[in-house]
Each structure stands twice: as structure tokens, then as C-alpha cells.
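Visitor: I'd like a close look at one part of this model, the sheet. Could you walk me through how its strands are arranged and what sits around them?

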Amino acid sequence: MDISKELGENEQASEWEIPTPKNIFPRPCDWRKQEFINWTKLLSQGHVISNFEKDKISNNWIEHYRGIPHRKIIMALQLRANVYPTREFLATGRKDNQLKSCQHCGADTENCSRIISYCPAVQDARIKRHNYLCELLVKEAKKKEWVIFQEPLLRDDNNELYKSDLVFVKGDQALVVDITVRYESKSTSLADAATEKIKKYQH
Ligand SMILES: [Zn+2]
């Protein structure tokens with residue numbers, strides 16, 4: 001109700017007639033965003049975690065984890081949260097001389113980056129992972145009717161041999177596919193890997 005019209009132009013509204021001022025409530029804080037920011041600030045656990053913010057592809061397994069056995073999901077989450085108990089992680093912040101070296105190959109530090117890319121003890125698993133990823137891509141490419149060449153041996157103008165994992169061909173388009181799995185040790189790790197591969201197969 002518009003009080004001024006009811007009372008007429010010159011009459012003042014009494015204390016009881018004045019409408020209560022509308023409360024302006026603070027916007028509820030975006031706690032999810034805030035927690036993520038706090039996480040990125042953690043020196044060890046937050047290391048380059050910003051890579052995964054709003055990354056639908058990388059986070060798909062967290063939203064739809066049906067394919068992962070329960071006994072492995074905790075381990076997977078530990079890996080994502082940078083709290084997997086590698087020797088390097090367990091030694092962080094300790095004053096005593098906690099052993100940091102790899103329990104399999106004796107390398108100086110046992111951490112995720114090294115296990116994923118270098119430790120010879122898991123070389124077989126690394127090859128299996130590589131082949132599995134190739135199979136996944138081949139399956140998807142077949143569905144989309146690409147012609148697939150597996151590990152074609154190609155020579156460049158200088159007769160140097162190049163062996164990419166896969167070449168997909170459809171119509172006048174060809175895709176050179178070379179798989180690499182990298183640990184995100186810095187915010188540009190994955191982009192750097194992509195650039196490196198593009199350069200390698202550019203010609
Ligand atoms: Zn090792």
C-alpha cells in the first residue's frame with residue numbers, strides 16, 4: 001500500500017504507518033569456492049591443484065565413480081588431494097631424518113611425480129596404462145568411423161623414423177595421436193606436454 005496516497009500530499013505518516021525498511025541480507029558466501037582457494041594456498045597439499053578447478057574432464061571420475069572399486073576410491077582421492085602417503089609426503093615437516101628414498105628403486109625421493117613417470121619398478125604398469133589409453137581412444141575413434149593406423153612407421157624428409165601411437169584418418173583429415181601421461185608439477189605441465197608433441201609431429 002502506498003501510504004503517501006492514502007494520507008494525501010501534506011499529511012505526514014505516523015511512526016506506526018511508516019513501512020519497515022527492507023532488510024538487505026548479506027549474500028551467503030560461496031563456501032565451496034572459499035574452501036578451494038584455501039586448498040590452493042596449502043604448500044604441499046595444494047600444489048598446482050588449481051589445474052583441476054572446474055575441469056569437467058579431469059573431475060569426471062569424482063562425479064561418476066561407478067567404474068572404480070571402493071577399495072581404490074580412497075586411494076584415488078588421496079592422490080587427487082596430494083596426501084598419498086609416499087615417503088616424501090610422510091617426511092614433510094619432520095625434523096628427524098625420515099627416509100625419503102624410493103622403497104623400490106632407491107631413487108632420492110619417492111613422490112607421485114617420480115612413480116608416475118620414472119620409477120623402473122612400475123615400468124610394466126606404465127606400459128599397461130599406455131596401452132589401455134590407446135585402446136580407449138581406438139574404441140572411441142571406431143565409433144566415430146575414423147580409419148585407424150596403429151603405431152605406423154613414418155619417415156620424415158631426413159629419413160628419420162617417427163613412430164606415433166595412432167593415426168586416425170577420416171575424409172581429408174588426419175589426426176596424429178601420441179599419448180603421454182604427466183604429473184602436473186606446474187600449472188602449465190599439460191599444456192607444455194601438448195606443445196611438445198605438436199612440435200615433434202608438426203612436419
Ligand atoms: Zn622408484
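Guide: Let's take the sheet piece by piece, then step back to the chain around it. A word on the source: this is a predicted model, where local features need pLDDT of at least 70, side-chain atom pairs count only at pLDDT 80 or more, and totals for chains, interfaces and linings use all residues. Residues are numbered from 1 along each chain as its sequence is written.

The sheet is an open one, with three strands in the order β1-β4-β5 and antiparallel pairing. At the edges are β1 (147–150) and β5 (173–177), each of which pairs on one side only. Neighbouring strands here are turned by 15° against each other on average, direction ignored. For the terms: strands (E, at least two residues) and helices (H or I, at least four) are DSSP runs, numbered from the N terminus, and two strands pair if DSSP finds at least two bridges between them. As a general point, strands of a sheet pair through backbone hydrogen bonds, either parallel or antiparallel.

Now zoom in on β1 and β4 (residues 166–170): they run antiparallel, and four bridges join them.

Next comes the helix. α7 (residues 123–143) lies across β1, β4 and β5, and runs at about 5° to β4. Angles like this go from 0 to 180 degrees between N-to-C directions, with axes fitted as lines to C-alpha atoms, for helices over the stretch in contact. Contact is when two residues have C-beta atoms, placed from the backbone, within 7 Å.

Stepping back, the chain has eight helices and five strands, and from the N terminus the elements go α-α-α-α-α-α-α-β-β-β-β-β-α. It is divided into domain 1 (27–84) and domain 2 (123–203), with bounds that come from an automatic or database domain assignment. The C-alpha centres of the two domains lie 27 Å apart.

The C-alpha atoms of His-47 and Glu-184 are 8.8 Å apart, although 137 residues separate the two along the chain. Over the 203 residues of the chain, 4% count as buried.

Key. Buried ≥ 20, exposed ≤ 12 C-beta atoms within 10 Å, placed from the backbone.
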